[in-house]
Amino acid sequence: MRSMYDLIAAKRDGGILSEGEIREMIRGYTCGEIPDYQMSAMLMAICLRGMDGAETAALTDAMLHSGDVVDLTEFGHLSADKHSTGGVGDKTTFIVAPMAAVLGCKTAKMSGRGLGHTGGTIDKLEAIPGYRTALAEVEFREQVRRIGVSVIGATGEIAPADKMLYALRDVTATVDSLPLIASSIMSKKLAAGTAAIVLDVTVGSGAFMKTDEDARALARAMVDIGVRAGRRTAAVITDMDQPLGRTVGNALELEEVLTFLSGDDTGLEDLREVSLTLAAYMASAVHGYSPEEGYRLAERAWRCGAVYEKFVEWITEQGGDRRWLTDPGRRAEAAYRRTVVCASDGYVGRMHAEQIGLCAMQLGAGRRTKDDAIDFLAGIRLLKKVGEPVRAGEALAVLYTSREVLLDAAEERFLGAITVTEQKPDARPHVFDVIA
Ligand code: URA
C-alpha cells in the first residue's frame with residue numbers, strides 16, 4: 001500500500017488512486033492518523049487533476065460508510081428522496097415531498113440548514129411553530145410508513161467524513177471541484193438510504209454551477225455515482241439565474257407554498273414547472289411511470305387539493321401548529337418593511353440571484369456563519385421578475401426585517417442586483433434538461 005505522501009504525489013502527477021487506497025485514506029483521515037496538511041494537499045491535487053468515475057464512486061462509498069446508514073429496506077423500491085444543489089427562494093421540497101407521497105412514494109428526507117446566500121429546508125421548517133426537525137430514526141421511519149412522508153435534519157452521524165472534509169475544503173479553496181462536490185452530496189444521499197434519488201441541479205447566478213456545461217457535468221457525475229451504487233437516480237437541471245417563485249426568506253417562502261398548494265399559481269410558473277417535474281421523476285423512478293404520466297398525475301394531485309392535505313398532515317404530524325398553516329391571521333409579520341421602487345421605465349432584464357440571496361441574508365433571513373441566529377420573518381417579496389415590464393416609481397419588491405437598521409444597506413444591495421433593460425429579455429426555460 002502506498003503511503004499518503006506517495007498518494008499525494010501520484011494524484012499531483014495525474015495518476016489514479018485505487019479503491020482500497022481511497023478507502024484507507026478516508027479511514028485514516030477520519031480517525032486522525034492523516035493530518036489536515038496532507039489531506040489539504042490531496043484535496044488540492046484532486047481539484048487540479050480531477051478524478052475518474054471509479055475514483056469518485058470509491059470516494060463517495062468511503063465517505064458514506066464513515067458513519068450511520070439509514071435502513072429503509074422495509075420500504076423496498078418505494079423509498080425516494082429529492083435533493084437540490086442549492087438556490088435562492090428554493091421551496092420545492094415543501095411541494096415535492098407531499099406530492100410524491102400522494103403518488104405512492106415513501107418520501108424519507110434528510111435536509112440541511114442554509115449558509116451564505118442559499119436557504120436551507122430545516123431553517124424554513126423551523127419557521128413553523130412546533131415543528132420537530134429532530135426525530136429518532138425509528139420515529140422517522142414510523143411516520144414514513146404511516147403517512148408516506150417525513151423531513152428531518154441530517155444528524156452528525158451521517159457521512160461524518162464528508163463533514164470533516166467539507167470544513168477543510170472550505171478553508172483551503174478546494175470546494176470548487178466536480179468530483180469533490182459530487183461525492184460530498186452523494187455520500188449523504190446514499191447514506192440516507194432511499195432506493196430512488198432525484199437531484200435538482202440548479203444552474204445560474206444563484207447556483208453552485210454557473211454554466212450549463214458545469215451543471216450537466218455535475219448532474220452526470222452524480223447520476224453515475226447513484227447508478228453505480230444501485231439506486232435509481234435522475235438529475236433535473238433547473239434555472240437558478242433568478243430566485244425561484246416570488247419570495248425569499250423562511251416564513252415568507254412557506255406562505256407562498258401554502259398559496260401554491262391551495263391551487264393559486266399566479267406568477268409562480270417556475271415553481272410549478274420545477275416542482276411538478278421533480279415529483280414526476282420521483283414517481284417515475286419508484287413506479288416506472290413515464291415522466292409524462294408522472295407529471296400528469298402530479299398535476300392532478302396538486303389541483304384536486306390532495307397535496308395540500310398531505311402537506312398539512314405531514315407538518316402537523318411532526319408537531320407543527322395547524323392553525324399557523326390554515327389561518328393566515330395567526331402568522332406574525334416582520335416589524336419593518338420597505339418597498340423598493342424602480343428608477344426607470346423598461347423591463348426587468350436580470351435579477352442576480354446570489355445578490356438577492358445575500359440581500360435576504362443581510363435582512364436576517366440567513367446565516368453569515370453557522371452560529372448566527374435566523375430572523376424567520378425576514379426576507380423579500382418580489383413584485384417583479386425577469387421579463388416583466390416596469391415603470392419609474394413602480395414597486396419592484398418589499399423587504400422585511402425585524403431590525404430597521406438593516407434596511408438601507410439591504411435596499412442598496414437589492415437595487416444593485418436588478419438590471420432594467422429597454423428590450424424585453426429572452427425567456428429562459430425553467431427546466432433545461434433531465435439526465436436519467
Ligand atoms: N453541497 C455539498 O453538500 N457538498 C459540496 O461539496 C457542495 C455542495
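Q: Where does the largest cavity lie in relation to the domains?
A: This is a predicted model, in which local features need pLDDT of at least 70 and side-chain atom pairs count only at pLDDT 80 or more, while totals for chains, interfaces and linings use all residues. Residues are numbered from 1 along each chain as its sequence is written, and side-chain values use heavy atoms, with hydrogens and water left out. The domain bounds come from an automatic or database domain assignment. Because both domains give residues to its lining, the largest cavity lies between domain 2 (73-326) and domain 3 (333-421).

Q: What is the volume of the largest cavity?
A: A cavity is a set of points, on a 1 Å grid over the protein atoms alone, where a 1.4 Å probe fits but cannot get out. A volume is the space filled by probe spheres set on the points, which are joined across faces, edges and corners. By this rule there are three cavities of 30 Å³ or more. The volume of the largest cavity is about 160 Å³.

Q: Which residues lie closest to the centre of the largest cavity?
A: Lining residues have an atom within 4 Å of a point. The largest cavity is lined by 23 residues, and those closest to its centre are His117, Thr118, Gly119, Ala365 and Gly366.

Q: Which helix gives the most residues to the lining of the largest cavity?
A: Helices are DSSP runs of H or I with at least four residues, and strands are runs of E with at least two, numbered from the N terminus. Helix H6 (121-126), helix H11 (250-261) and helix H16 (353-363) each supply at least two residues of this lining. With three residues, the one that gives the most is H16.

Q: How many residues of the lining of the largest cavity are polar?
A: Ala, Val, Leu, Ile, Met, Phe, Trp, Tyr, Cys and Pro count as nonpolar, Asp, Glu, Lys and Arg as charged, and the others, Gly among them, as polar. In this lining, seven residues are nonpolar and four are charged. The number of polar residues is 12.

Q: What is the volume of the second largest cavity?
A: Its lining consists of Asp239, Gln242, Pro243, Leu244, Asp270, Val274 and His430. By class, these are three nonpolar, two polar and two charged residues. The space in the second largest cavity is about 50 Å³.

Q: Which element gives the largest share of the lining of the second largest pocket?
A: A pocket is an open set of points with protein on both sides within 12 Å along at least five of seven lines. The second largest pocket holds about 430 Å³ of space, and 20 residues line it, with Gln242, Val386, Gly387, Arg428 and His430 nearest its centre. The largest share, three residues, comes from E8.

Q: How many residues of the lining of the second largest pocket are charged?
A: This lining draws at least three residues from each of domain 2 (73-326) and domain 3 (333-421). By class, four residues are nonpolar and five are polar. The number of charged residues is 11.

Q: Which residue has a polar side-chain atom 2.5 Å from an oxygen atom of the ligand?
A: A polar contact is a pair of N or O atoms within 3.5 Å. The side chain of Arg169 has an N or O atom 2.9 Å from a ligand oxygen, and a polar side-chain atom of Ser184 lies 2.6 Å from a ligand nitrogen. At 2.5 Å from an oxygen atom of the ligand, the residue is Lys188.

Methods: A polar contact is a pair of N or O atoms within 3.5 Å; within protein, one must be able to donate a hydrogen and the other to accept it, and residues adjacent in sequence count only if both atoms are side-chain atoms.
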